[in-house]
Each structure stands twice: as C-alpha cells, then as structure tokens.
Amino acid sequence: MNETTGHVGLMDLHNLSSISGNGTTGILDIPKPINTAINILTITILLITMISLGCTMEISKIRAHLLKPKGVAIALVAQFCIMPLTAFSLAKILQLHPVKAITVLICGCCPGGSLSNIFSLIVKGDMNLSIVMTTCSSIAALGLMPLLLYIFSQGFTGLENAVPYVGIITALISTLVPCAIGILINHYKPNYSAAVTQIGLIIMMLTTIAASVVAGIAVKDVIWMIFMPDVVSVAVLMPLIGFTLGYVMSVICRLSPKCSRTISMETGCQNIQLCIAILKVTFSPQVIGPMFLFPLLYIMFQCAEALLLALCFRLYHKVKTPAGDTGSHKHVAVTQEEVKEP
C-alpha cells in the first residue's frame, strides 16, 4: 500500500481500514462473536458507570453552583481547552500515525470522568464542584466534543472526514440517559442511591475484568503496539499536563486552593469508559486495531499520577498542620496559666 492510498482511505470512514495494514497500528481481525461480546461489555460498563455517577448528584447542589457559575465556567474552559490542545500538540510533536492521532484526539476531547470525583475527595477538594463539573462537562460534550474534533482534525492530512461524528454524538447521548436515571433515583429515592452505586460498582468491576480478558485474547498478537514509545509518551504526558495546567489556570483566576485542586483533578481525568466505547463501537477492528485499548494505558498513568499528586498534598498538609496546631496549643497553655494566676 502506498502513501496516497492511505490518505485517500482516510477521506472516508468506511475506507479507513486501508491504513491499518502498514505495520504502524497492526492488523486486527477479531471474530465477529468476540467483537460483539467486547462491544456489549464495553457499553454495559459505560451505562453502569453513568448510572452510578448520576446517583451521586443532587439537583439542589447542581442548581447552587449554576447560580454562581464562576468555578464551573473556569473548569469547563480548562476541560475543553487544555486537554484537546494538549492532545493535538502531542500528536503533532510526536508525529503520530493518523489512527493513533485520532485515538488521542478523541481521548483528549472526552468530558471529565467519575474518577475525578474520587481524586477530588482524596485531595480534599470541593466535592460539590467536582460532581457538578462532571455533570456539566458530560452535557457540554454533546456539542463541544464533535466541534473540537472537527477543528483539530483539520490539522492532520486525511483526518478531515474520518471522525465518526454520528457515532460519537450517539455515544454521548447514551451516557446522558443513564446519568439522568441516576439523578432521578437520587432525587426521588435517595435511600436507594447507595445500594445502586455499590451494586453498580460490583457489576462494573466484574464486567471490566471480563472485557479485559476477552479483549486481551482478541489482540494478544498485536497488543505490543500499545506499548510503543510514542503511544506511551502520550499516555504519560497528557494527564500530567492536564493536572498541572488545570491547577495553574485556577490559581491565575484566583479560585480558592480547594477549588483549584478540584479543577486540577477534573481537567486531567477523562471519561475513559466513554472513550473506549467510542473507539470500540464506532470504528471497526480493522480500522482501529489495538488502539481501542489506548484508554486503558492512559487510565493507568492517569491514576498513578493523580495518586502521586494526592500523596504529595497529603504529606504537605501533614507537615504543615502540626506546626499550626503546636502554636495553637502553646497559646491555649499560656492562656490557661494566666487564668490560674491570682
């Protein structure tokens, strides 16, 4: 296959498979039953994740933040400016193959994920802002994600008409429905929210394990493609840049340290379940190859870096707090001695 054939194939989504046999992304021929099973498991994971996420949201808290939208607005700008620009820049700098580039762009343009809520809790962030931000970014992604993908795909020869916009919008809508169901459960049946979330977590873990095993078997011959230096570099740098710039932007906008830590976590954490669903369901195996597993590599480094930042914050907080407490204890002791004096 020559270079021209590859670019012509990219002009049409249905002909994207013409670029996957060049040794860059790997040829992947998954039997139809296995491919169907992976798709079903992937969609199941996404739906359960969004229902569980919805069960953590409260309409009153969402309304309160929307009435004072400064933090949410800054977080949205950070989410949909920093991460897409980071994905685009890394793809350009590392001169990624078109299939790798579109994978990275889709990951970078995804809204915030539910993991950001967990990490915000660990760094003692504003949990209300975190949950509202995840909600707002999921809704905003319905319009912003296709728009951003359209804009940034223009920077890669042949990708202009290769983005599956219909599939992406369908996937985004499919995330909003279960999320809305979760919100309604939490609003009308709040006593059931914890149980739904716990059961959902168990089902999600089992389904994730099953999907990982099936996917591992399906791509065992080409999975090494995921661990190529350019792909690993993106997986390492993208979340780290997101965490850092999200915090810096919040500080520049004079938000409180608590809100800044929250926006940092929200910016660097993508909705990986959505990303996998889009890559796996909207692209054929012959087109995407093993790159549909890139989000799993991304989430490994995302979690590792977020936990490292959380550990640094906890250590800093632990070192700083005793010093303040000591001064308070001394003040209390002196005051008590003064009281005892005649």
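**Figure 1. The loop holding Arg 254 in the predicted model.** Arg 254 sits in the loop that runs between helix H10 (229–252) and helix H11 (257–268). Although this residue is not a glycine, the phi of Arg 254 is positive, near 65 degrees. Arg 254 has a relative accessibility of 75% and therefore counts as exposed, the cut-off being over 50%.

**Figure 2. The loop holding Gln 95.** The loop between helix H4 (70–93) and helix H5 (98–109) contains Gln 95. Gln 95, which is not a glycine, has a positive phi of about 50 degrees. With a relative accessible area of 69%, Gln 95 is exposed.

Figure 3. The relative accessibility of Ile 299 is 19%, so the residue counts as buried; the cut-off for buried is under 20%. When neighbours within four places in sequence are left aside, Ile 299 is in contact with Leu 115 and Ile 272. Ile 272 is 27 residues from Ile 299 in sequence, while their C-alpha atoms are 7.0 Å apart in space.

**Figure 4. The largest nonpolar core, with Met 145 as one of its members.** This core has 82 residues, and those touching the most other members are Ile 106, Met 145, Leu 149, Met 238, Phe 292 and Phe 294. Beyond its neighbours within four places in sequence, Met 145 is in contact with Ile 106, Cys 109, Cys 110, Pro 111, Ile 168, Leu 172 and Ile 278. Another core, of 5 residues, lies apart from the largest one and includes Leu 41, Ile 45, Met 204 and Ala 211.

**Figure 5. The largest pocket.** The space in this pocket is about 790 Å³. Its lining has 31 residues, of which Thr 49, Ser 114, Leu 115, Met 204 and Gln 273 are the closest to the centre. Two or more lining residues come from each of helix H2 (32–54), helix H6 (115–122), helix H7 (127–153), helix H9 (190–218), helix H12 (272–282) and H14. H9 contributes the most, with 10 residues. The lining contains 19 nonpolar and 12 polar residues, and no charged residues.

**Figure 6. The second largest pocket.** The volume of this pocket is about 290 Å³. Among the residues that line the second largest pocket are Val 123, Phe 243, Tyr 247, Arg 261, Met 265, Leu 309 and Phe 313. H10, H11 and H14 each give two or more residues to this lining. By class, the lining divides into 9 nonpolar, 2 polar and 1 charged.

Note on methods: Residues are numbered from 1 along each chain as its sequence is written. This is a predicted model: local features need pLDDT of at least 70, side-chain atom pairs count only at pLDDT 80 or more; totals for chains, interfaces and linings use all residues. Side-chain values use heavy atoms; hydrogens and water are left out. Buried means under 20% relative accessible area, exposed over 50%, partly exposed in between (1.4 Å probe, protein chains only). Contact means heavy atoms within 4.5 Å. A nonpolar core is a set of buried Ala, Val, Leu, Ile, Met, Phe, Trp, Tyr and Cys residues joined through side-chain atoms within 4.5 Å. Helices (H or I, at least four residues) and strands (E, at least two) are DSSP runs, numbered from the N terminus. On a 1 Å grid over the protein atoms alone, a cavity is a set of points where a 1.4 Å probe fits but cannot get out, and a pocket is an open set with protein on both sides within 12 Å along at least five of seven lines; lining residues have an atom within 4 Å of a point. Grid points are joined across faces, edges and corners, and a volume is the space filled by probe spheres set on the points. Ala, Val, Leu, Ile, Met, Phe, Trp, Tyr, Cys and Pro count as nonpolar, Asp, Glu, Lys and Arg as charged, and the others, Gly among them, as polar.
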